[in-house]
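Reader: Could you walk me through the packing in this one? I would like to begin with the aromatic rings.

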Amino acid sequence: MKKTTIAVLLVLLLASTSIFAVSDNFTVTTTIDEIGLMKITTAALSTHTVAAYNALTDFEELPISTSGDQTFAAYLTTLSNKRTGYTVTMGASAMKSTVSSVDSYIDYTVGVNSVDLTTGGATDPTAVTVLTVASLGTLQAQSHAISLSVDATTFDSAVSGSYSGTVTFTFTAT
């Protein structure tokens, strides 16, 4: 009987003792800023980091000495983490020389990512889209070689003077 009484007392003791479970948590948060970078570089970007992008050398000027296809290394380089993507357009102005208020022009065709744009003297062509990125899931880099061919007709018949034109790329987040 003593064993039965002890067993009953143990069951009653266990049944009357509350068992507590404690739970707690914390939240981990961060904010990632949007990155939308673009520049003309002397080499392609192969590593998708801001540090690698910043280490690239800027391409600034292309001296022209003859008509036809030009030999040089320049890249349209972008780095972005914009979820909804981005576009890049390209515009250009003909090389222009002004002497005594008289303008002279040398035309050229510039290309990037299989898209070409040809200048036409005093009238700048309409900018064209050269890169469209619909959406991004991670930080992504792109580098596309730039080509340039100088029009033989306007170059060979140009009057003396210093000429310069500008190729402009515009990065727009979508």
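Author: A term to begin with: buried means under 20% relative accessible area, exposed over 50% and partly exposed in between, with a 1.4 Å probe and protein chains only. The model is predicted, so local features need pLDDT of at least 70 and side-chain atom pairs count only at pLDDT 80 or more, while totals for chains, interfaces and linings use all residues. Residues are numbered from 1 along each chain as its sequence is written, and side-chain values use heavy atoms, with hydrogens and water left out.

Reader: Is Tyr86 buried or exposed?

Author: Tyr86 is buried, because its relative accessible area is 1%.

Reader: How many aromatic pairs are there?

Author: There are two aromatic pairs, where rings of Phe, Tyr and Trp (its six-membered ring) pair if their centres lie within 6.5 Å, and planes under 30 degrees apart count as stacked, over 60 as edge-to-face and the rest as tilted. Phe59 and Phe72 have ring centres 5.7 Å apart and planes at 35 degrees, so this pair is tilted. Tyr86 and Phe171 form a stacked pair, at 4.6 Å centre to centre with 20 degrees between the planes.

Reader: Why does Phe59 count as partly exposed?

Author: Phe59 counts as partly exposed because its relative accessibility is 23%, and Phe72 is also partly exposed, at 22%.

Reader: Changing topic, what lies over the face of Tyr53?

Author: Lys39 does, at 4.7 Å from the ring centre; the rule asks for NZ of Lys or CZ of Arg within 6 Å of the ring centre and within 35 degrees of the ring normal.
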